[in-house]
Amino acid sequence: MTIDIDIFECRGGDILACDIVNKDGVKLVSRGTTLNDYIIEKLKQFEINNVKVIYPPEYIKKNRYNYEKFEYGYKKSIQLVKDIVNDLSTGKALNIDKVTSATELIYEHIHQNDICMLLNFLDRIKVTDEYTYLHSINVAFYCMLLAKWIDLSEYEIKKAVQAGLLHDIGKSRIPTSILNKPAKLTNEEFEIIKKHPVYGYDILSESEFSDLDIKRAVLLHHERINCSGYPFGISGEKIGLLARIVSIADVYDAMTSNRVYKKKVTPFTTFEMFITEGYSGFDAYLTTEFINHMATYLIGSSVKLDNGENGKIVYIPPNNLLCPIVYSNGEYIDMKKSNIRIIEMI
Ligand SMILES: [Fe+2]
C-alpha cells in the first residue's frame, strides 16, 4: 500500500514507493530508499512537493520483521543445506523435499519491509566457518531479490531461489582438501574445482529433480557473457536468464564475504567491479538493476572511513553509486569531491 504525502509530512524512516525525478526527468532518489533528514532536506531544496511512500509507516513499524524469527529460519535453512550436502557426500540421492523446504523458508522474506533487515543480516553473517552452506543460502537470497526487482512471477522467483540454493551442489564431489585449502589453488586444483557445475548438473539429473531451467542454471552459473567463463565458454543468450541471475548473486556474495585467504570488500567495491569490468562478463541489464536496488538499502548504514573515523551513509546519488554522501564528525562528506574512502561496513 502506498500514499502520496507532502514533503513536509515526511519523516526519517519512511520508505519511498516510487523513484523521485526532478523537472528535467533526472532521477534524484530511487524507489525503496529509506528517507532520512538529509534526503528530505535535499528534496525540499529541489522543490519536490509530494512523494509516494509505503503506507502506513505505523503499520510497518508494528509489523516490523522480527529479527529473531528471521535468524531462526536462517539457521533452519543452514541445517537443511547441510543435510542435503551430507546426504550427497555419503552417496544418498538429492532430497528434493529438503530443497523445497529451504526454498519456502527463504521465500518468506520477499516482502519490501523485510529487505533492509535481510540485507543487514546477510552482511553481518558473512563469517568464514561454514562458508559453503552460508554461501548457498546467501546466493539464494540475492537471487530472490534480483528476480523480484526485475518483476519475475512468484513461480519464477522460487525457481531463482532454488537455482541459488543448488548452484554449487556439485562441490559435494570435490575433495574437501581442495575446497577448504587456506591458500591459492594450483592450476591442477583449479581445473578440478571447475568441474563442479557439471557435477551439479549430474547430481540433479540423477535425482528426480526435473526442472530443466534450474539444471541449466547450475551447469552454466560460471559462464560469462564475453565467453570467458567455464565449463563451455559460451556467451550471451545461450547462458539463460537464471544462470545470469545466479552468476551476479554468486560473485556479489563471494566478494563481500570473508574467506580464510581473503578479506571481504565493501558493496561499493563490488559495484565498481560490476561497473568497470563486469558489464562485459555479466548481463548489463541485470547488473544495473542489482546494484541500483542494492545501493538504496545502504543508505543509513554505518561505515568505517580510511581517515580512521566512522560515519553514516545519508545519500547515494542514483547516477553515481560509487560516490555516496557520508555524515561523519558533524559534516557531510561528498565522496565525489573528497579523497576519503569507505573501507568497511560496520
Ligand atoms: Fe560455483
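**Strand pairing, iron site and cavities**

Strand 6 and strand 7 (residues 325-328) are paired in the antiparallel sense, with 3 bridges between them. The model in which this pairing is found is a predicted one. Within this pair of strands, Tyr315 stands opposite Ile325 of strand 7. A further contact of the two strands is made by Ile313, whose bridge partner in strand 7 is Val326.

Strand 6 (residues 310-315) is also joined to strand 5 (residues 302-305); these two strands run antiparallel and share 3 bridges. On this side, Val303 has Gly311 of strand 6 as its bridge partner. The hairpin formed by strand 5 and strand 6 has 4 residues between the strands, and Gly308 there adopts a positive phi near 90 degrees. Glu309 likewise belongs to the loop between strand 5 and strand 6. Because its relative accessible area is 31%, which falls between the limits of 20% and 50%, Glu309 is classed as partly exposed. The C-alpha atom of Glu309 lies 9.8 Å from that of Ile342, a residue 33 positions away along the chain.

Strand 7 is in turn joined to strand 8 (residues 331-334) by 4 bridges, and the two run antiparallel. Ser328 is bridged to Glu331 in strand 8. In the hairpin of strand 7 and strand 8, 2 residues lie between the strands, and Asn329 has a positive phi near 50 degrees.

The model also contains an iron ion, for which the protein donors are Asp168 (OD), His196 (NE2), His221 (NE2) and His222 (NE2), at 2.1 to 2.2 Å from the ion. The angles among the 4 donor atoms range from 86 to 177 degrees, and the site is irregular. It does not count as tetrahedral, because that class requires all angles to lie between 85 and 135 degrees, whereas the angles here reach 177 degrees. Along the sequence, the donor residues follow the spacing D-x27-H-x24-H-H.

Although Cys227 is a residue other than glycine, its phi is positive, near 70 degrees. With a relative accessibility of 39%, Cys227 counts as partly exposed.

A positive phi in a residue that is not a glycine is found at Glu47 also, where the value is about 60 degrees. Glu47 sits in the loop between helix 1 (37-45) and strand 4 (50-54). Its relative accessibility is 52%, so Glu47 counts as exposed, the limit being over 50%.

The cavity search returned 4 cavities of 30 Å³ or more. Helix 14 supplies the largest share, 3 residues. By class, 8 of the lining residues are nonpolar and 4 are polar, while none is charged.

Key. Residues are numbered from 1 along each chain as its sequence is written. This is a predicted model: local features need pLDDT of at least 70, side-chain atom pairs count only at pLDDT 80 or more; totals for chains, interfaces and linings use all residues. Side-chain values use heavy atoms; hydrogens and water are left out. Donors are N, O and S atoms within 2.8 Å of the metal (3.2 Å for Na, K and Ca); water is not among the atoms, so sites may look incomplete. Four donors count as tetrahedral if all angles lie between 85 and 135 degrees; four count as square planar and six as octahedral if opposite donors are over 155 degrees apart and all others between 65 and 115; anything else is irregular. Two strands pair if DSSP finds at least two bridges between them. Buried means under 20% relative accessible area, exposed over 50%, partly exposed in between (1.4 Å probe, protein chains only). On a 1 Å grid over the protein atoms alone, a cavity is a set of points where a 1.4 Å probe fits but cannot get out, and a pocket is an open set with protein on both sides within 12 Å along at least five of seven lines; lining residues have an atom within 4 Å of a point. Grid points are joined across faces, edges and corners, and a volume is the space filled by probe spheres set on the points. Ala, Val, Leu, Ile, Met, Phe, Trp, Tyr, Cys and Pro count as nonpolar, Asp, Glu, Lys and Arg as charged, and the others, Gly among them, as polar.
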